[in-house]
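Please have the sequence and the model at hand while reading.

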Amino acid sequence: MMRRTRRYATLGALAVAALVVAAGCTGGTLSGRPSPSASASGSGGRPNVVFVLTDDLSTNLARYMPHVRALQNAGMSFDDYSVTDSLCCPSRSSIFTGQYPHDTGVYTNSAPDGGFRVFHAGGKEQDTFATSLRAAGYRTAMMGKYLNGYQPGGPVDGTSDYVPPGWSEWDVAGNGYGEFDYDLNENHRIVHYGHEPSDYLTDVVSRKGQDFIKASAGAKKPFLLEIATFAPHGPYTPAPRDAHRFPGLRAPRDPAWNTTPSAAPAWLAHRPALNPAKTAKIDRAFRKRVQSVRAVDKMIGDLRSTLSAAGVARNTVIVFSSDNGYHMGEYRLMPGKQTAFDTDVRVPLVAAGPGIPAGRTSNAVVSNIDLCPTFEQLGGGVTPSSVDGHSLVPMLHGGSAAHWRTMTLVEHHGPDADRTDPDLPPRGSGNPPSYQALRTATATFVRYDDGAVEYYDRTRDPDELHNVAGRLPASTLATLKAETAALHNCHGADQCWSAGHPS
């Protein structure tokens, strides 16, 4: 192992889920399965893709990120974007492959039903947006967080310092949650970073991302860059420069704060009200999360400036998102995730760049399974029929969402009892049993493996405070269960597209 000796000046901050994609893409169809020769039109040729993915970034943090707000003003926001599971590894596996958890085999963060080892053993690394775009001639880079269970120097298939296929540059950490004192696998070389301000992980990957953009532009090669931050995941470590910002800031007191839904399922019902000590703890954690995303926001600004200076901004789109959301006091729960509530499954997705209408909001029912085929269509890569999602390119370029899917799926295995899991729910944070959830533009239906059901009419009840499943006609419940089962058992683009359009 090498000890890093060269120090750098602080330049940027960790990335929030942002995806930089060149605009002006033509070719391909709504199915997102273009021919390998498909490419972008316009002065820049095929688009660059820079995907920045944050960890546990809830929608209520975006208001503290001016560069993200600027992206929203400059581009298109998907207001009904949700993830396939409100947990890190399943969600990231869906992003890489465009598949639901029932097709990736990754439902949790660790074996036997999740984690890096399951993803790798299932051969899923052989068919990602990275392998597709690298085959199409792209330079590809992965920086920051990969999948839970990956270790920079750990042996994989008898090989140490493992780098998955599809990546021409690899700068990935294992345990980077604390932002300091971590190792990076830098292209098969383990480099240690300490506790100096310049070692702050968000800033490190920001600098590396900027260097990759400049090198790719200089080589006149199309590129895909994913920067996946650990921020704002716990322990919510801010950059030293931001550690004292927002004094007195409290967590939002939305309608779901410190209350439980009517007819709540057994795992959630009868929770005591949050006492002053728990409320103060939540407020401190929320303040640290806001502090930690400031570095992410700075990184987005620095990446945009670098794209402009390198002369490739006009052929690049920036998209912002997260692997899952986060609840903090809603439904009387201490900080956590893994539920089917919108606090946990609905996250930001913003795309801005040439060819994308400015200031536009889409209410289409989109999911993280749609990112992989979107990247592949933008870059002219091949999207295999095994992908469950659909390309967003037609909508990004002003097309109608009239024929888009009407429902999508959330799948979860629980309760989580793995004491080595960084996402093991602390006491009182919520640890639901296994469920499948059907999510439409107006409602959420949850079917637990123990037989419990929930139904929230989000048009009348946007905060999901009234479970009215018990008042639904038996025929309606039967239809909802059948539609959920159809999505839960779909495989590939055609089946899953049809299941998302029930008659």
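A residue counts as buried under 20% relative accessible area, as exposed over 50%, and as partly exposed in between (1.4 Å probe, protein chains only). The model is predicted: local features need pLDDT of at least 70, side-chain atom pairs count only at pLDDT 80 or more, and totals for chains, interfaces and linings use all residues. Residues are numbered from 1 along each chain as its sequence is written, and side-chain values use heavy atoms, with hydrogens and water left out.

Side chains of opposite charge can pair when their charged atoms come close. In a salt bridge, a side-chain nitrogen of Lys or Arg lies within 4 Å of a carboxyl oxygen of Asp or Glu. The structure holds 20 salt bridges, including those in the table.

| Pair | Closest N and O atoms |
|---|---|
| Arg92 and Asp55 | 3.6 Å |
| Arg346 and Asp79 | 2.9 Å |
| Arg245 and Asp242 | 3.7 Å |

Arg245 is partly exposed because its relative accessibility is 34%, whereas Asp242, at 5%, is buried.

Asp55 and Arg92 belong to one network with Lys145 and Asp323, joined by salt bridges that share partners. Both Arg92, at 1% relative accessibility, and Asp55, at 0%, count as buried.

The salt bridge between Arg346 and Asp79 links distant parts of the chain, 267 residues apart. Arg346 lies in the loop between helix 8 (342-345) and strand 12 (349-352), helices (H or I, at least four residues) and strands (E, at least two) being DSSP runs numbered from the N terminus. Arg346 is partly exposed at 23%, and Asp79 is partly exposed at 38%.
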